[in-house]
Amino acid sequence: MEKPKIPVDMILKHLAEGAGQAQERAQKASDVLLGPLETAIATTPYEVVYREDRVKLKHYTAQTPPDDPITTPLLVVYALINRETMLDLQPERSVVKNLLEAGVNLYMIDWGYPSTKDKFLTIDDHVNGYMDNIVDFIRDREATPRVNLMGICMGGTFCVIYSALHPEKVKNLVTTVCPTNFDTDQGLLHIWMKGLDADALIRTFGNMPGDLMNFGFLLLNPARLMIDKYVGFLEHMDNRAFVENFIRMEKWIFDSPDVPGETFRQFVKDCYQQNLLIQGRMIVGGKLVDLGNITMPLLNIYGQYDHLVPPAAADKLTGAVGSADTEDVCLDTGHIGIYVSSKTQKEFTPKIIHFLKSRDSRPDDRKKEHARGKAPSRKTRPPAGASKKALHEVRR
Amino acid sequence: MDDTESTNADPQATLLEWLRTANLFWAGSSRSAGGSSSSGPAAQMGSERVSPEVLSSIMRTWGTISSAMSEPSALDALYRGLAIVPDMISNVLLSGVQGFLSIQGQLMEKMANLGSRPEAYSFKHLDQEALHAWSDLYEKELRRYFNIPQLGLNRFYQERLNQAFDKFNIFTVALIEFMNLLGLPVENSFKVLQDQVDKLTREGAVPEDPQEFYRMWIKILEGHFMTLFKSPEYTSALTTTIQALGEFISARNQMLQDALQSLPIPTSRDMDDLYEELYVLKKRVKELEKSLAAK
């Protein structure tokens with residue numbers, strides 16, 4: 001019988017080399033960690049132009065006026081989970097900066113940090129209250145009848161509801177990693193949410209604590225998010241740029257406002273547990289959310305490897321709305337990678353810019369489109385066999 | 001009186017004798033209390049606090065009680081009552097010992113099951129008995145003590161205190177079980193890694209780079225976690241733990257609410273009422289503002 005071969009000598013050699021490198025790395029890392037680090041996030045200048053309760057409206061202005069600006073202002077609506085600073089995490093990977101450079105007149109909602117007094121706020125208060133007031137403010141300020149809406153994740157769901165209830169105020173709708181179909185077993189979140197007792201949670205906590213949600217997100221992939229990510233950090237902590245970007249991401253990830261209790265309760269029960277939105281059966285503010293009212297152009301972008309909002313949760317929207325001008329774009333990335341991955345940056349923002357620009361100068365043909373009936377929607381998917389994005393960059 | 005006499009004496013006769021003596025004593029005391037009510041400054045001071053009639057009445061009552069107690073039928077009942085005390089104590093002790101033995105037995109069973117873990121990449125055959133050992137022990141043996149009905153003025157406060165302890169214990173037990181479940185993938189991943197390394201050794205393809213072992217392990221671990229997270233057992237444990245956490249926090253808050261009520265500090269219930277009123281008022285004001293602006 002042949003004796004098994006174990007290259008003990010080579011393993012020991014590598015271990016010795018590794019120990020030497022680790023020592024050298026630790027010395028350099030102490031210089032990096034003890035020295036000045038540039039870890040500020042959301043550094044693109046903006047002006048707060050509207051405030052209501054805890055909610056603020058940020059208006060960004062381009063440093064140099066663009067040659068070919070998009071005349072209709074764009075309002076970006078982020079989710080109530082985590083913060084909108086993710087769109088401006090670092091200068092070279094900033095969706096905000098890219099949109100400004102492309103000539104977008106950019107507004108963004110900062111939902112702030114809900115406190116106990118906000119626990120009674122419902123989806124209706126957010127959509128028909130804050131969002132509607134903000135849209136009206138922008139319409140007045142810019143002297144325009146309609147705005148472009150771009151929603152992110154849960155903010156996308158809010159935008160869908162808003163567009164269905166106030167279609168006359170929305171020119172184009174862009175949804176990104178936006179959950180609209182919750183009846184899927186793709187993604188652990190959908191499985192877990194089905195058994196969640198939202199009533200008991202809200203009775204106990206008032207608002208849904210951000211830290212508790214973050215713990216839940218970490219549990220979606222503990223091997224990568226609680227072990228491998230930090231092993232990766234230890235391996236690269238002598239690299240200043242890596243450390244700065246890593247800390248920026250950590251700052252964003254753990255900056256989690258609580259979610260107002262009543263909003264969380266309705267989102268879990270109506271959406272995750274009963275899947276009312278996509279069926280056109282959801283009631284918000286006493287009104288039925290009829291997706292057939294969404295007749296404006298719709299661009300729906302989602303990630304192939306998104307494990308929070310998997311393709312099955314996002315790709316049913318275009319088929320459910322009343323618009324004749326819809327497009328699905330599936331990018332080769334995950335939930336956060338879609339905004340921060342350097343590779344996706346080359347596809348994501350240009351796609352949105354092209355969509356908005358090509359429809360910006362067009363006369364108001366919404367009614368004509370509606371009368372024409374619905375044209376088949378377009379779908380863009382990543383090439384087969386596209387590589388999965390590194391998870392340390394894509395927390396979700 | 002020597003030791004032999006004391007051990008041989010009939011306890012019922014001894015009790016009867018003592019009650020007769022007590023009866024005579026209380027009767028004498030009652031008479032003397034009535035006769036000396038007006039003599040001396042100290043007695044006068046005492047009579048200011050307790051009137052002679054009241055004192056005499058108390059003495060007579062005691063006398064009546066001890067006289068009634070010395071009746072053979074009452075004495076027999078009292079004696080039987082006293083006789084069951086050792087039985088009660090032994091019953092309580094027996095119950096405690098049985099509970100302890102049951103705990104021991106289940107722990108031994110759990111220890112015996114330590115070697116039989118679920119198969120790799122499969123959490124379908126989880127040993128539910130082993131998993132729920134702690135919660136069963138708590139539910140069966142300890143929890144009932146926190147649910148003994150409370151009496152008197154403080155009953156609600158005591159009940160809430162007991163509930164807080166009970167819910168804390170339930171949460172701790174649920175958390176232990178949940179953490180135990182989370183530990184299974186780690187345990188299994190090492191087992192699978194060992195199998196893979198064995199296989200690579202036989203094939204002569206053992207990686208030279210030690211980091212390759214880490215990469216193999218993290219991939220295996222990720223796979224195990226994904227399998228576990230999709231299992232109904234995990235979903236159930238997660239739901240139970242979150243529910244237990246919620247119930248504990250609610251019970252704790254109710255207990256704290258009791259404490260805060262005695263201080264000049266608004267409680268969360270007060271604040272909630274206020275917030276709700278503010279919310280409704282603000283909503284109405286905004287609606288009115290909008291309708292006015294529309295006109």
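**Exercise 1. Describe the fold of chain B from its contacts, elements and surface.**

*Solution.* Among contacts in chain B (heavy atoms within 4.5 Å) between residues at least 6 apart in sequence, 74% join residues at least 24 apart. The model is a predicted one, in which local features need pLDDT of at least 70, side-chain atom pairs count only at pLDDT 80 or more, and totals for chains, interfaces and linings use all residues. Residues are numbered from 1 along each chain as its sequence is written, chains are lettered from A and ligands numbered from 1 in the order in which they are written, and side-chain values use heavy atoms, with hydrogens and water left out.

Next, consider the elements. Chain B has 11 helices and zero strands, where helices (H or I, at least four residues) and strands (E, at least two) are DSSP runs numbered from the N terminus.

Of the 295 residues of chain B, 25% count as buried; buried means under 20% relative accessible area, exposed over 50%, and partly exposed in between (1.4 Å probe, protein chains only). The accessible surface of chain B comes to about 19600 Å² (Shrake-Rupley method, 1.4 Å probe; for residues, only the protein chains shown count as cover), and 63% of this surface belongs to carbon and sulfur atoms.

**Exercise 2. Characterise the interface of chain B and chain A.**

*Solution.* Begin with the extent. The size of an interface is often given as the accessible area lost when the parts come together. Here chain B and chain A bury about 3300 Å² between them, 66% of it on carbon and sulfur atoms; buried area is the accessible area (1.4 Å probe) that two parts lose on being put together, summed over both. Chain B gives 39 residues to the contact and chain A gives 42 residues.

Then examine the charged pairs. The interface holds eight salt bridges, each a side-chain nitrogen of Lys or Arg within 4 Å of a carboxyl oxygen of Asp or Glu. In one salt bridge, Asp132(A) meets Lys290(B) at 3.4 Å, N to O.

Last, locate the residues of chain B. Helix 8 (155-203), helix 9 (210-229), helix 10 (232-261) and helix 11 (268-294) of chain B each supply at least two residues of the side that touches chain A. The largest share, 12 residues, comes from helix 9 of chain B.
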